[in-house]
Amino acid sequence: QGIMVDRIPGNIISHILVPFTIHKYAPDIIIDDMGHAVPWGSVWFTKKPVIVNFLHLHKRSLRGQINFFLAYVISGLEKFYPLMYRDCTFVTISDSSLLDLIRIGVRRKQIVNILLGVELEKFYVSPKSPSPVIVYFAGFRKYKRPEEVVKLMPSLIKMFPEIKLIMLGSGPLLKNIVELSKKLSVEQYVEFKGKVQESELLKIVSKAWVNIHTSKTEGFGLSILEASALGTPTIAYSVPGVKDVIEQNRNGILVESGEINKLKNAIISLLKNYSGYWQRECKIVSDEYSWNHTVKKWDQLLKSKLKSSDE
């Protein structure tokens, strides 16, 4: 029959108006998107099946983004998920997210792990730039730690005088990172592109030698898989969400979280010994992730919930 999706905006007003919104739409099934941390409470106002789409525990990434009190409240709310959604199915996007739910008390039988995918037909492997290029496209927020990439540049420049760092995207820390590049006298080696069109992003990442990812945590390292699909390995910290998508020494290198010297050494080692091996292995790994597989899993889940609801 097909499934119609109508998305309700995730803001405070819509949370308050949940019961009225459910009455208006009269849905057959509801998906509570927990990418925003605060529970929707849909289960209190409907007897229809509710699926919880869970990305990751926000407790790990809230510090420094919002004030301490609000971070404490949101972290506390996450502990109530098992009680609020005790009869619901949770959909996670990585093994790390699955373990997060189990740790806060969600039963394993309630959880379905559906990995995200990559639109493989959009991605391609192209020749790398003549001289080393590092790319960063993970966002400019505190838990992403973009400053660490810039702090590595003085040492990397000594080893590779023609090296270049391209930083893509935006965020609240962007101005600070630009100032940091000037303070470290590396601004001529760092290019801030801001938000770019998808076609330009693909071109930049495909020509880069390595993608650097310094985040404290992720729900799922989608940008890492996108880099892999473009034949570009990622060097990153071994943290939840990231370690789920990097196969060591195949589509990247993982080092202990916060060990910036190990991160630097991994970059130097890769750049010194760069070869076509990385492009081949990256592509092989990324080919294992497909949106078609993701859609199929969601389709099966939704149909099973609709069927059980009708019985």
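Visitor: What do β6, helix α7 and β7 make together?
Guide: In this predicted model, strand β6, helix α7 (residues 174-183) and strand β7 make a right-handed β-α-β unit.

Visitor: And how do β6 and β7 run, parallel or antiparallel?
Guide: Strand β6, which covers residues 164-168, and strand β7, which covers residues 190-194, run parallel, and four bridges join them.

Visitor: How many salt bridges does the structure hold?
Guide: The structure holds twelve salt bridges. One of them joins E218 to K144, with the closest N and O atoms 2.5 Å apart. This pair links distant parts of the chain, since E218 lies in the loop between β8 and α9, while K144 lies in the loop between β5 (133-136) and α6 (147-159), 74 residues apart.

Visitor: Is that pair buried or exposed?
Guide: E218 is buried, with a relative accessible area of 10%, and K144 is buried too, at 11%; the cut-off that matters here is that buried means under 20% relative accessible area.

Visitor: Which residue does K262 meet in a salt bridge?
Guide: The side chain of K262 meets that of E256, at 2.6 Å from N to O. K262 is partly exposed, with a relative accessible area of 38%, and E256 also counts as partly exposed, at 46% relative accessibility.

Visitor: Which residues are linked in a network of salt bridges?
Guide: The network of salt bridges links K164, E191, K193 and E200.

Visitor: Changing topic, how many aromatic pairs are there?
Guide: The structure holds six aromatic pairs. In one of these, the rings of F220 and Y289 have their centres 6.4 Å apart and their planes at 65 degrees, so the pair is edge-to-face; planes over 60 degrees apart count that way.

Visitor: Where do F220 and Y289 lie?
Guide: F220 lies in the loop between β8 (210-213) and α9 (222-229), and Y289 lies in the loop between α11 (276-286) and α12 (291-310), so the pair ties together parts that are 69 residues apart in sequence. F220 counts as buried, at 8% relative accessibility, and Y289 is buried with a relative accessible area of 11%.

Visitor: What about the largest nonpolar core, which residues have the most contacts inside it?
Guide: The largest nonpolar core has 61 residues, and those with the most contacts inside it are L165, M167, I235 and I267. Apart from that core lies another, of 18 residues, among them I30, F54, M84 and V106.

Visitor: What does M167 touch?
Guide: Leaving aside residues up to four places away in sequence, M167 touches a set of residues including Y136, F140, P146, V149, V150 and I177. M167 also touches V190, E191, F192, K193 and G194.

How values were computed. Residues are numbered from 1 along each chain as its sequence is written. This is a predicted model: local features need pLDDT of at least 70, side-chain atom pairs count only at pLDDT 80 or more; totals for chains, interfaces and linings use all residues. Side-chain values use heavy atoms; hydrogens and water are left out. Two strands pair if DSSP finds at least two bridges between them. Helices (H or I, at least four residues) and strands (E, at least two) are DSSP runs, numbered from the N terminus. A crossover is right-handed if, with the strands pointing away from the viewer, the path from the first strand over the helix to the second runs clockwise. Rings of Phe, Tyr and Trp (its six-membered ring) pair if their centres lie within 6.5 Å; planes under 30 degrees apart count as stacked, over 60 as edge-to-face and the rest as tilted. Buried means under 20% relative accessible area, exposed over 50%, partly exposed in between (1.4 Å probe, protein chains only). A salt bridge is a side-chain nitrogen of Lys or Arg within 4 Å of a carboxyl oxygen of Asp or Glu. A nonpolar core is a set of buried Ala, Val, Leu, Ile, Met, Phe, Trp, Tyr and Cys residues joined through side-chain atoms within 4.5 Å. Contact means heavy atoms within 4.5 Å.
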